[in-house]
Amino acid sequence: MRSFFSKYKFFGVTLLALSTVIIYLFYNALQPKKILPIFQPSMVSQELVDSTLHYKKKYHTIADFELINQNGQKITQKDYTNKIYVADFFFTTCPTICPIMTKNMAEIQGSILDDQDVLLLSHSVTPVIDSVPQLKKYALEKGVMDSKWNLVTGDKKQIYELARKSYLAVKNDGDGGPYDMIHTENFILVDKERRIRGFYDGTNKEEIQKLLEDLEILKAGYAE
């Protein structure tokens, strides 16, 4: 009897391993694929959305823009064509949440250095203060890589309209007038079709990890 089992031991181990692989493949095939939501204005808290968009339920995308980055270069939506990107709003003299957000954005930058499909975009909410030289100084201090991350300044009203009507990311604190000020910790994940796929607290490490996980889910959808 012992010689019988010894004779067929290899066959048994092979059969067990093969069965395990087949069960694993079947299990994975039966699992629903993770898909990120496509956020519309009607899905977001109304305090973060311009009143003209409260009931918009489909076809929302990020509007065209024309701003200037830390190198004095014009940056438009064309620079993000066919790219996934993470956007936020900040200002270089902010003493509270912005340093944390910038540090966490730099962590995201480190995770996408070799990924040609993903970029970053940070909008200054105090563009008069955040001139090109000021943005460049900040970029050098914070380790911003020009090929991956644009810090942009420009027309204040345009930036504020993007924040409220495109990115759905900030409470209504004016339309970009001289004394208006918006402040938000939101990071926004945007897909290649300019649609919003996620909102994250840019000051929270767990939320940053969730963003990176969602980024992989989004990329996997394009790989299919």
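How many salt bridges does a search of the whole structure find? The search gives 11 salt bridges. The term covers a side-chain nitrogen of Lys or Arg within 4 Å of a carboxyl oxygen of Asp or Glu.

**Ground rules**

This is a predicted model: local features need pLDDT of at least 70, side-chain atom pairs count only at pLDDT 80 or more, and totals for chains, interfaces and linings use all residues. Residues are numbered from 1 along each chain as its sequence is written, and side-chain values use heavy atoms, with hydrogens and water left out.

**Stop 1: the whole chain**

Show the protein chain as a cartoon. The chain has 6 helices and 7 strands. These are DSSP runs numbered from the N terminus: helices are H or I with at least four residues, strands are E with at least two. From the N terminus on, the order is α-α-β-β-β-α-β-α-β-α-β-β-α.

Now switch to a surface. The accessible surface comes to about 12900 Å², by the Shrake-Rupley method with a 1.4 Å probe; for residues, only the protein chains shown count as cover. Carbon and sulfur atoms hold 58% of that surface.

Colour by burial next. Of the 224 residues, 42% count as buried. Buried means under 20% relative accessible area, exposed means over 50%, and partly exposed lies in between (1.4 Å probe, protein chains only).

Contacts come next, with heavy atoms within 4.5 Å as the criterion. Among contacts between residues at least 6 apart in sequence, 69% join residues at least 24 apart.

**Stop 2: the nonpolar core**

Select Tyr85, Tyr167 and Phe187. In the largest nonpolar core, which has 56 residues, these three touch the most other members. Such a core is a set of buried Ala, Val, Leu, Ile, Met, Phe, Trp, Tyr and Cys residues joined through side-chain atoms within 4.5 Å. Strand β3 (residues 84-90) gives this core its largest share, 6 residues. In soluble globular proteins, nonpolar side chains tend to be buried together.

**Stop 3: aromatic pairs**

How many aromatic pairs does the structure hold? There are 4. Rings of Phe, Tyr and Trp (its six-membered ring) pair if their centres lie within 6.5 Å; planes under 30 degrees apart count as stacked, over 60 as edge-to-face and the rest as tilted.

Select Phe39 and Phe199. Their ring centres are 5.1 Å apart and their planes stand at 75°, so the pair is edge-to-face. Phe39 sits in the loop between α2 (9-30) and β1 (66-68) and Phe199 in strand β7 (residues 196-201), so the pair ties together parts that are 160 residues apart in sequence. Phe39 is buried at 18% relative accessible area. Phe199 is partly exposed at 23%.

Move to Tyr80 and Tyr85. The centres are 4.8 Å apart and the planes are at 55°, so this pair is tilted. Tyr80 is buried at 2% relative accessibility, and Tyr85 is buried at 0%.

**Stop 4: salt bridges**

Select Lys205 and Glu107. They form a salt bridge, with the closest N and O atoms 2.4 Å apart. Lys205 belongs to helix α6 (residues 205-223) and Glu107 to helix α3 (residues 97-111), so the pair ties together parts that are 98 residues apart in sequence. Lys205 is partly exposed at 47% relative accessibility, as is Glu107 at 31%.

Stay in helix α6 and pick Lys210 and Asp214, 4 residues apart, about one turn of the helix. Their side chains meet in a salt bridge at 2.8 Å, N to O. Buried or exposed: which is Asp214? Asp214 is buried, at 6% relative accessible area. Lys210 is partly exposed at 37%.

Then select Asp191, Glu193, Arg195 and Arg197. A network of salt bridges links them.

**Stop 5: Thr153**

Zoom to Thr153, in the loop between β5 (149-152) and α5 (156-166). This residue is buried at 7% relative accessible area. Which backbone oxygen does the side chain of Thr153 reach at 3.2 Å? That of Pro127. The backbone oxygen of Asp130 lies 2.9 Å from a polar atom of the Thr153 side chain. Finish by showing the residues that Thr153 touches beyond four places in sequence, including Leu67, Ile68, Leu135 and Ile159.

Conventions. Polar contact = N/O pair within 3.5 Å; in protein donor to acceptor, adjacent residues only side chain to side chain.
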